[in-house]
Amino acid sequence: MTDLSAYDRFATDPLVLAQDGLATVHQLHDIGCASYVVAERCRPGGSWQRVLPRVVLLRVDAPPTPHQRLRAALLYAGPDALLTGEAALSLYGADQARTPATLTAVPKVDVLVVHAVHPRSHAYVRVHRTRRPAPRVAVQGLPCAPLPRAAADASVTCPVRTTQ
């Protein structure tokens with residue numbers, strides 16, 4: 001049996017693997033990773049990268065994939081967050097202009113959280129608080145708002161196109 005380094009041990013944790021190589025700092029602490037290890041590995045030249053505040057990608061060899069960007073947005077917004085808007089529509093396959101492989105071109109990822117939760121929009125994540133939580137629908141392994149809600153949210157945030 002090979003002795004795993006601390007990087008391999010945390011990167012191969014079942015929770016991290018289930019979350020596409022991502023984890024919150026709190027989750028890393030829960031699996032035994034000390035704060036100084038997170039700080040050291042997230043420094044420039046380190047083996048991990050911070051994708052969003054409190055969200056770490058446990059590798060540095062490439063930027064996050066489109067799927068990892070979506071997962072990171074959900075981890076940032078909290079455990080009850082749902083994807084909505086254009087990102088959710090792309091996962092549903094309802095948005096013909098974009099596919100999950102081209103979601104890096106989506107400037108913002110909209111997430112829906114319950115009103116009592118207070119994460120702020122940051123970087124590419126746009127947080128929408130609601131008093132009427134939507135049911136959770138798993139689409140391609142990610143929690144999304146139902147299709148009608150995602151479409152309604154997309155219509156509010158997308159620019160109006162006019163033809164002449």
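Student: Which residue is the bridge partner of L52 in β3?
Tutor: V55 is the partner of L52. R50 stands opposite V56 in β3. This model is predicted, so local features need pLDDT of at least 70 and side-chain atom pairs pLDDT 80 or more, while totals for chains, interfaces and linings use all residues. Residues are numbered from 1 along each chain as its sequence is written, and side-chain values use heavy atoms, without hydrogens and water.

Student: What makes β2 and β3 a pair?
Tutor: Two strands pair if DSSP finds at least two bridges between them. β2 and β3 (residues 55-57) have three bridges, in the antiparallel sense. So they meet the rule for a pair.

Student: What makes a stretch a strand or a helix?
Tutor: Both are DSSP runs, numbered from the N terminus: a helix is H or I over at least four residues, a strand is E over at least two. The chain has seven helices and eight strands.

Student: Why are β1 and β2 called edge strands?
Tutor: The open sheet has three strands in the order β1-β3-β2, with antiparallel pairing. β1 (22-24) and β2 (49-52) each pair on one side only. The twist from one strand to the next averages 35°.

Student: How do you know that α5 packs on the sheet?
Tutor: α5 touches β1, β2 and β3. Contact means heavy atoms within 4.5 Å. The direction of α5 makes about 10° with that of β1. Such axes are lines fitted to C-alpha atoms, for helices over the stretch in contact, and angles run from 0 to 180 degrees between N-to-C directions.

Student: Why is R54 called partly exposed?
Tutor: Buried means under 20% relative accessible area, exposed means over 50%, and partly exposed is in between (1.4 Å probe, protein chains only). R54 has 47% relative accessibility, so R54 counts as partly exposed.

Student: Where is Q140, and what is its phi?
Tutor: Q140 is in the loop between β7 (137-139) and β8 (142-144). Q140 is not a glycine, yet its phi is positive, about 50°. With a relative accessible area of 47%, Q140 is partly exposed.

Student: Is D20 buried or partly exposed?
Tutor: D20 has a relative accessible area of 24%, so D20 is partly exposed. D20 lies in the loop between α2 (14-18) and β1. Leaving aside neighbours within four places in sequence, D20 is in contact with L57, H67, Q68 and R71. D20 and R71 are 51 residues apart along the chain, and their C-alpha atoms are separated by 7.6 Å.

Student: Why does Q27 count as buried?
Tutor: Q27 has 17% relative accessibility, so Q27 counts as buried. Q27 is in helix α3. Beyond its neighbours within four places in sequence, Q27 is in contact with L15, Q19 and L75.

Student: What makes a space a pocket?
Tutor: On a 1 Å grid over the protein atoms alone, a pocket is an open set of points with protein on both sides within 12 Å along at least five of seven lines. Lining residues have an atom within 4 Å of a point. The second largest pocket is lined by 17 residues, and Q27, L74, L75, G78 and P79 lie nearest its centre.

Student: Which elements give two or more residues to that lining?
Tutor: They are α3 (25-30) and α5 (66-77). The largest share, five residues, comes from α5.

Student: Why is helix α6 called mostly covered?
Tutor: In α6 (residues 85-92), six of the eight residues are buried. They are G85, A87, A88, L89, S90 and L91. After α6 comes G93, with a positive phi near 85°.

Student: How much of the chain is buried?
Tutor: Buried residues make up 43% of its 164 residues.

Notes. 1 Å grid on protein atoms, 1.4 Å probe; cavity = no way out; pocket = protein on both sides within 12 Å on 5 of 7 lines; lining within 4 Å.
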